[in-house]
Amino acid sequence: MAENLALDLEELRHLQGIAKRSRTLSLLSSEIRNLEKLSSEASSAPTPQIPAPISTGTRVPNAPALNYATLASFSWDQDSDKVKIYVSLEGVDESKIESEFKPISFDVKFHDVQGKNYRCAIPKLNKEIVPEKCKILVKSKRVVITLIKASKGNWLDLHFKEDKVKPGLDKEKDPMAGIMDLMKNMYEEGDEEMKKTIAKAWTDARSGKTADPLSSSYG
């Protein structure tokens with residue numbers, strides 16, 4: 001009994017020494033105190049006592065945090081319904097894959113692949129997917145991650161990108177905007193005669209009398 005408690009304490013103290021997250025450290029410290037108390041009672045008691053059950057979930061926490069090598073290089077293709085991501089990785093054990101699919105992201109972790117841990121993740125996809133339909137297929141020299149599109153269509157990229165083209169398109173749709181700005185500046189900086197000329201051209205342009213707002217200034 002005392003020997004088992006001593007071994008448990010040694011293991012927990014080892015975990016405490018390498019743990020980094022505050023919650024993990026707090027859980028470990030609490031369990032160490034409990035075991036130290038049990039160990040003290042066991043060594044001072046004249047007769048063996050039945051100890052309180054020890055939670056194995058607390059004794060062997062998920063910490064310390066694992067280190068992952070990011071798999072940033074991969075290929076992909078698509079059709080209207082799905083996207084397939086091809087990750088070149090040998091020696092993957094399907095039972096040691098941890099995956100998390102969300103409507104706009106995915107995170108796949110490969111544990112103990114030839115002694116290393118790898119991670120393939122995209123925090124913000126180009127468009128939404130259907131998490132419950134996504135799947136992972138392990139082959140001899142690569143892993144295929146299939147993302148099912150929430151709506152049919154073509155993706156320009158895997159990653160979400162802000163649409164920076166729209167402002168330019170708006171200017172193309174309204175070519176008069178630049179001329180109007182120029183006329184406004186000339187009006188504010190010009191003399192009285194210039195202001196009258198520009199005001200007339202401006203009025204004619206807005207009423208559709210002339211296609212060229214500047215043509216009136218050369219009459």
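**A tour of the chain and its open sheet**

You are looking at a predicted model, in which local features need pLDDT of at least 70 and side-chain atom pairs count only at pLDDT 80 or more, while totals for chains, interfaces and linings use all residues. Residues are numbered from 1 along each chain as its sequence is written, and side-chain values use heavy atoms, leaving out hydrogens and water.

Now switch to cartoon view. You will find six helices and eight strands (DSSP runs numbered from the N terminus: helices are H or I with at least four residues, strands E with at least two). From the N terminus on, the order is α-α-α-β-β-β-β-β-β-β-β-α-α-α.

Next, look for an open sheet of four strands in the order 1-6-5-4, with mixed pairing (two strands pair if DSSP finds at least two bridges between them). Its edges are strand 1 (69-70) and strand 4 (97-102), each pairing on one side only.

Select residues 105-113 and 116-122: these are strands 5 and 6, joined in the antiparallel sense over six bridges. Zoom in on Phe106, whose bridge partner in strand 6 is Ile122. Then move to the hairpin turn, where two residues lie between the strands and Gln114 has a positive phi of about 50 degrees.
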